[in-house]
Amino acid sequence: MKSVAILLLSALLSFGAAAQSDPNDLPDIGSPAQATLTLQDEYQIGRMIVRGLRDQDQILEDPEVTEYIRSLGYRLSSQAHDGTQRFNFFMVRDNSINAFALPGGFIGVNAGLVLATRNESELAGVLAHEIAHVTQRHIARSIAAQSRSSLVSTAAMLAAILVGAAAGGGDAAVAGMAAAQSLAIQQQISFTRSNETEADRIGLGILARAGLDPQGMPSFFETMSRRAGSSEMNIPEMLRTHPVTANRIAETRERAAQLNVTPTPDSPSYTLTRERLRVLSTPPGQDARAYYAATIKNEPDATTGQRYGQALAMMLAGQPAKAAPIFQRLRDADPTLLQYHTALGQAQLLAGQGDASLATLKHASELFPRNIAVTIRYAESLMQLGDPKRAHEILLDLFNVVPPTPEQARLTALAANAAGDVADSYYYMSEYHLLSGDLPLAVNQLQLALAVPRLTTVQRARFQARLDEVQAALPKRSRSR
């Protein structure tokens, strides 16, 4: 099944390469990209790939990191002049230098890429470039360009993939598609030079309108170019799919200079997220504390980012009591940064200071109302300290106001179950599976919710309406199963 899934996806992306165009073909009416793949088709494919990545534990589910990368991503995508396209930004648990745009507006960023950037504008330059690939629909356009005479075959192949996955093709099939993602999507499509130039040009405009330094894009290109050695093994993964030439660097630098932007300074969250990723992505068997011991030669001269990273490394190495005072000093010096509050609350909880942890995170929730990272950390502390009912309340309040992340939906389900709200726990798990792209499992959870005795009229109506909505989105074969 895995090999079949890979073959199907690979065929969808490359089948047209050998096709010969028919000189008698009528001109295209409308967008060839739209004729080949609709926006909904692209979203379904992207969601399945992300589900496979999540199943393989490739997505870094960290509330603080997710909060930052989404915030920066939405700041940029809001300037993309495409109100029809939705975006979803996520961090990949991979130390290689790469970022990628999937069909449907899903944009993944490897932890290694963030660590390779020197400032926020460089990171934003990569995101803006990938956003431009999405808004210009380069994947769909590439497929259309490969074979303009095989739209029916393309649609049939797409249907086979969508129906096969949704109808219970199994985790192996989904994992196969995820494994094929980097090879098939990033390499077999092989974005043309014109697509890359277009993404650079549009990305620079996005950067400028978002108030970020457009020079960040060519600056990062130069960084990547320097990292490339004579050996193929030394070339960063991103360069293999986004080739950088001297002309390209010069062109983007010249365009950036013409935009005449006064950029805003790097946000403190960029620095803290970078250090957080450094600690979280430390390979097994290595100790992040060693990095900070070697980097921080003189404690008073350490930057706030270094002190934050050092304390995180201590906390994750089983020294929360040593980390807590560092986080407290950082928080007291700058209470506007939520990362200090959540890290202090976590360290206090791990050090056995339960009351202090709750007080810290309750105060943070008042300073940052309905913030996803703060609410999740507060709920985690409440649950560990025996108050799942209150955890359920604050998570539900967030759930009903802010579009949930999969991890947020899963935690809400756990809190509801611990609080004795079994029917609601099934409902929230259905939302988790929906967000993860597994519609059949979402249906199963909703059916379990409806089977719970003594449902209220409101609950039954809510669960049934959601079930009808999800079943309507399933292919006919899957619905009959």
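## The largest pocket

Let's start with the open space in this predicted model. The largest pocket has a volume of about 1000 Å³. Its lining is made up of 42 residues, and those nearest the centre are Tyr 43, Arg 70, Asn 88, Pro 404 and Leu 435. Several elements each give two or more residues to that lining, including helix H3 (39–55), helix H4 (63–77), strand S1 (88–92) and helix H23 (422–436).

What sort of residues line the largest pocket? They divide into 21 nonpolar, 9 polar and 12 charged.

## Helix H13

H13 covers residues 246–259, and its 14 residues reach 20 Å from first C-alpha to last, close to the 20 Å expected. Its buried residues are Arg 248, Ile 249, Thr 252 and Ala 256. Look down the axis and these buried residues fall within an arc of 100°, so they line one face of H13. An α-helix has 3.6 residues a turn, so residues three or four places apart point the same way.

Over on the other side of H13, you'll find Ala 246, Asn 247, Glu 254, Ala 257 and Gln 258 exposed. After H13 comes Asn 260, with a positive phi near 55°.

## Helix H16

H16 (residues 304–316) is largely enclosed by the rest of the structure, because 10 of its 13 residues are buried. Among them are Tyr 308, Leu 312 and Met 315. What do the buried residues of H16 pack against? Their partners are helix H14 (268–280), helix H15 (288–295), helix H17 (320–333) and helix H18 (338–350).

The end C-alpha atoms of H16 are 18 Å apart, which agrees with the 18 Å that 13 residues should span. Just after H16, Gly 318 has a positive phi of about 90°.

Terms used. Residues are numbered from 1 along each chain as its sequence is written. This is a predicted model: local features need pLDDT of at least 70, side-chain atom pairs count only at pLDDT 80 or more; totals for chains, interfaces and linings use all residues. Side-chain values use heavy atoms; hydrogens and water are left out. Helices (H or I, at least four residues) and strands (E, at least two) are DSSP runs, numbered from the N terminus. The expected span of a helix is 1.5 Å times one less than its number of residues. Buried means under 20% relative accessible area, exposed over 50%, partly exposed in between (1.4 Å probe, protein chains only). The arc is that of the directions from the helix axis to the C-beta atoms. On a 1 Å grid over the protein atoms alone, a cavity is a set of points where a 1.4 Å probe fits but cannot get out, and a pocket is an open set with protein on both sides within 12 Å along at least five of seven lines; lining residues have an atom within 4 Å of a point. Grid points are joined across faces, edges and corners, and a volume is the space filled by probe spheres set on the points. Ala, Val, Leu, Ile, Met, Phe, Trp, Tyr, Cys and Pro count as nonpolar, Asp, Glu, Lys and Arg as charged, and the others, Gly among them, as polar. Contact means heavy atoms within 4.5 Å.
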